[in-house]
Amino acid sequence: YQRRVREVDAQGKVKYDALVRQGHGKDRIIYSKPTDLLPKTDGVELEKPDEEAVKKTTEDTRNALEKLINAKISAALPNKVAIANGQKEPPKYIRYTPSQQGVAYNSGAKQRIIRMVEAQKDPMEPPKFKTNKKIPRGPPSPPAPVLHSPTRKVTVKEQQEWKIPPCISNWKNPRGYTIPLDKRQAADGRGLQDNTINDNIAKF
C-alpha cells in the first residue's frame, strides 16, 4: 500500500487521475477525463462553404439526378423498348422501289418506306439449341515412359530355356499324335518321384 499526496488542478479540483498515472512516466499520454473523448478543433472553427461552392454542388447534383430520371423515362417509352432491352440499334428506314411498276402492283405505289426493327426476344421462350451435349475429354497426361534394356542377341542356351514343351495328357489325345513313352513319363512326373519303402514293412 502506497500513500499519495492529494493534488489539485488549476480550478482547485482534486486530480483523481493521479491514481491512474501511478507507475507510468511523465511523457505517457493517459486519457482519464470525459472531456478527452471530445474532438479537438485547436481553436479553429469549421468553415462553411461559400455561396459559389453551394451553387456548384447543387447544380452537379441536379444534373446527375436528371440524367438518371431521363434514362428511366426513355426506357419506359414504347418506341424505346428494344433499346432498353440491350439492343442499342435504333430502327432503320429503307426506301424500296419495286421493279414492276403499275396500278396492279404495290397498290399503285411507286415507292415504299420500310421500317426495320429488331424483333423483341421473348424472355419466357425455351432455348432453341441443346446445351447438354457431352463434350469429349481433352487428351490425358502422357504415359510414363517404359525403359527397356538395350537389345542384345539371344544365345542358344536362352532359346532352349524359353522353349515351353507342349502339354501331354495320358487320357486325351484328340488329334491322334504319336507320343513316345519317355515323353509321357516325363509329362506324368513319375520319374521325378523317389520310391521310399516304409521301415514298418519289415516288421510283418
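Residues were classed by relative accessible area: buried means under 20%, exposed over 50%, and partly exposed in between, with a 1.4 Å probe and protein chains only. The model is predicted, so local features need pLDDT of at least 70 and side-chain atom pairs count only at pLDDT 80 or more, while totals for chains, interfaces and linings use all residues. Residues are numbered from 1 along each chain as its sequence is written, and side-chain values use heavy atoms, with hydrogens and water left out.

Side chains of opposite charge can pair when their charged atoms come close. A salt bridge was assigned where a side-chain nitrogen of Lys or Arg lies within 4 Å of a carboxyl oxygen of Asp or Glu. The count is two.

Helices are DSSP runs of H or I with at least four residues, numbered from the N terminus. Arg62 is partly exposed, at 39% relative accessibility. Glu59 is also partly exposed, at 38%.

The other salt bridge pairs Glu125 with Lys128. Their closest N and O atoms are 3.8 Å apart. Glu125 is partly exposed at 38%, whereas Lys128 is exposed at 67%.

Helix H1 spans residues 51-76 and includes Ile69. Ile69 also belongs to a nonpolar surface patch with Leu65, Leu68 and Ile73. Together these residues have about 400 Å² of accessible area, computed by the Shrake-Rupley method with a 1.4 Å probe, only the protein chains shown counting as cover. Patch residues have over 30% relative accessible area and no salt bridge; nonpolar side chains (Val, Leu, Ile, Met, Phe, Trp, Tyr) are joined within 5 Å, and like charges within 9 Å.

Notes:
Helix = DSSP H or I, 4+ residues; strand = E, 2+ residues; numbered from the N terminus.
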